[in-house]
Amino acid sequence: MAISTFDTLLQKIETRAARAGVIGLGYVGLPLAMAVARSGFAVTGFDIDPGKMVALDARRSYIDAVSDAALAAEIEAGRFQATTDFAGLAACDVIIICVPTPLTKHRDPDLSFVEATSRSIAQHLRPGQLVVLESTTYPGTTDDIVKVILEGTGLKSGADFFVGFSPEREDPGNQHYHTATIPKVVAGDGADALSLMKAFYGAAVSTVVPVSSNATAEAVKLTENIFRSVNIALVNELKTVYAAMGIDVWEVIDAAKTKPFGYMPFYPGPGLGGHCIPIDPFYLTWKSREYELPTRFIELAGEINSAMPRYVVGKLAEALDIRAGKALSRSRVLVLGLAYKKNVADIRESPSLRLIEIIEERGGRADYHDPFVAEIPPTREYQALKGRKSVSLTPEAIAGYDAVLVATDHDSVDYAALAESAALIVDTRNVFNRLGLSADQVIKA
């Protein structure tokens, strides 16, 4: 009896004879490639950025979650290699897509990277391959776009090749969980594809959670991020209301979280950042229009969170006026923290970029300090900020600013020394109170 395409591929996966290809070696792709390589598979990483190839060839990681030593170990063991030549996809048995899925200016999904990558795979598609999408997207993308593009070759999903979806769950800076220990949701186009997904990811991660369809798995990722977006919007709105009443929202949250049931703490901030929460919910709002169904909670949460940078700058201007008798338009402001979360170098969708932009729109001058970001790299939305460098956090430098705006509460900052030198501090993270540092010039926002 002839061995089927499915049986051949399953055997390759189970014996670690399969070669995996990871397309997109960023915050998701590179850690995933390392986890798969450590589990015994040979991995080829693909990326269009030649700068990443230079770094990887030098055994230098540009992702915090992957150490130089871990990268070097997989390269020297012969389990990992990287290239810009997508012709190597033909040699891969499992191909994983980890490319960006941003929004357009009108908050519509931009699937151009997924579509272009799928077309590149189609050029090298052969029988006996499993193609997996990990990029966050709306329900239906894997089956309606990736699968359709691949079937344009004449090969058929479920017979010649197989298609699956597994949402990425990376959390930059998380010291407790990493790629291999975060439970992995998997789905496939048909029973055979799901079996291959379970076998492949089950070899690389500790826990696999199968679901019934690719669309369901796509919805899982959106649900996780919408949950956070809506709850953060709620506490951001409560912050503004309680502030008007003279109530400290952080004190309220700290007391509320002592309830052992029915409550989960979320914390306000200067806006949302990262590659997921500010973007992913709008993939569902866009898709819901096809069904003529409103997504009022999601859209309202987006509006509230998007308004936070302007609210914070308003509080900054008010504090300068009341405490220093100075207009924001004549003030120098130091934004503390450029990354979107503490203790990482990730500035994707960081509200700090928007804070700098708003301050300067209002005539002020804004610099920044971030121990993890020495220089602002090119970004799609903030080209004018490219090349600005982090200033030193010396007492003399701090004293030269009219206000310090704490946007990201990196642990390595000496907040006690900051309080001694700064004339005015606007704290969006409650870091001074959390550290037990009381200072009259600290204003919460």
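Predicted model: local features only at pLDDT ≥ 70, side-chain atom pairs only at ≥ 80, totals over all residues.
An open sheet of eight strands is arranged in the order E3-E2-E1-E4-E5-E6-E7-E8, and its pairing is mixed. Strand E3 (80–83) and strand E8 (208–210) form the edges, each pairing on one side only. On average, and with direction ignored, neighbouring strands of this sheet are turned by 25 degrees against each other. Helix H7 (residues 191–204) packs on the sheet, where its contacts include E1, E4 and E5. Helix H7 also touches strand E6 (162–165), strand E7 (184–188) and E8, and its direction makes about 155 degrees with that of E7.

Within this sheet, strand E1 (residues 19–23) is largely enclosed by the rest of the structure, because four of its five residues are buried. E1 pairs with strand E2 (residues 42–46) in the parallel sense, over five bridges. In this pairing, Gly21 stands opposite Thr44 of E2. Strand E4 (residues 94–97) and E5 also run parallel and are joined by four bridges. The bridge partner of Ile96 in E5 is Val132. Strand E5 (residues 130–133) is covered on both faces. Leu130 and Val132 lie on one side of E5, Val131 and Leu133 lie on the other, and all are buried.

Helix H2 (residues 29–38) has nine of its 10 residues buried, so the helix is largely enclosed by the rest of the structure. The buried residues of H2 are Gly29, Leu30, Pro31, Leu32, Ala33, Met34, Ala35, Val36 and Ala37. Just after H2, Gly40 adopts a positive phi of about 115 degrees. Thr117 belongs to helix H5 (residues 112–124). With a relative accessible area of 9%, Thr117 is buried, since the limit for this class is under 20%. Leaving aside residues up to four places away in sequence, Thr117 touches Ile23, Ile97 and Val99.

A second open sheet is formed by five strands in the order E10-E9-E11-E12-E13, with parallel pairing. Its edge strands, strand E10 (365–369) and strand E13 (442–444), each pair on one side only. Strand E9 (residues 332–336) and strand E11 (residues 403–406) run parallel and are joined by four bridges. Val333 has Ala403 as its bridge partner in E11. Helix H11 (residues 296–324) lies across E9, E11, strand E12 (425–427) and E13, and runs at about 155 degrees to E11. Helix H12 (residues 351–361) also packs on the sheet, touching E9, E10 and E11. The direction of H12 makes about 155 degrees with that of E10.

Most residues other than glycine have a negative phi. Glu349, in the loop between E9 and H12, has a positive phi near 55 degrees. Asn430, in the loop between E12 and helix H15 (431–434), likewise has a positive phi, of about 60 degrees, although it is not a glycine. As to accessibility, Glu349 is partly exposed, with a relative accessible area of 31%, whereas Asn430 is buried, with a relative accessible area of 4%.

The remaining features concern helices H8 and H9 and the loop between them. Val241, Met245, Ile247 and Val252 make a nonpolar surface patch of about 310 Å². Ile247 is placed in the loop between helix H8 (214–244) and helix H9 (249–256). Ile247 counts as partly exposed, at 37% relative accessibility. Glu251 is found in helix H9, and its relative accessibility of 57% places Glu251 in the exposed class, for which the limit is over 50%. The C-alpha atom of Glu251 is separated by 52 Å from that of Phe162, and the two residues are 89 residues apart along the chain.

Note on methods: Residues numbered from 1 in each chain as written. Heavy atoms only, no water. Patch = residues over 30% accessible without salt bridge, like charges linked within 9 Å, V, L, I, M, F, W, Y side chains within 5 Å. Areas by Shrake-Rupley, 256 points an atom, 1.4 Å probe, with all protein chains shown as cover. Salt bridge = Lys/Arg side-chain N within 4 Å of Asp/Glu carboxyl O. Helix = DSSP H or I, 4+ residues; strand = E, 2+ residues; numbered from the N terminus. Buried < 20%, exposed > 50% of the residue type's maximum accessible area, 1.4 Å probe, protein only. Pairing = 2+ DSSP bridges. Contact = heavy atoms within 4.5 Å. Axes fitted to C-alpha atoms, helices over the stretch in contact; angles between N-to-C directions.
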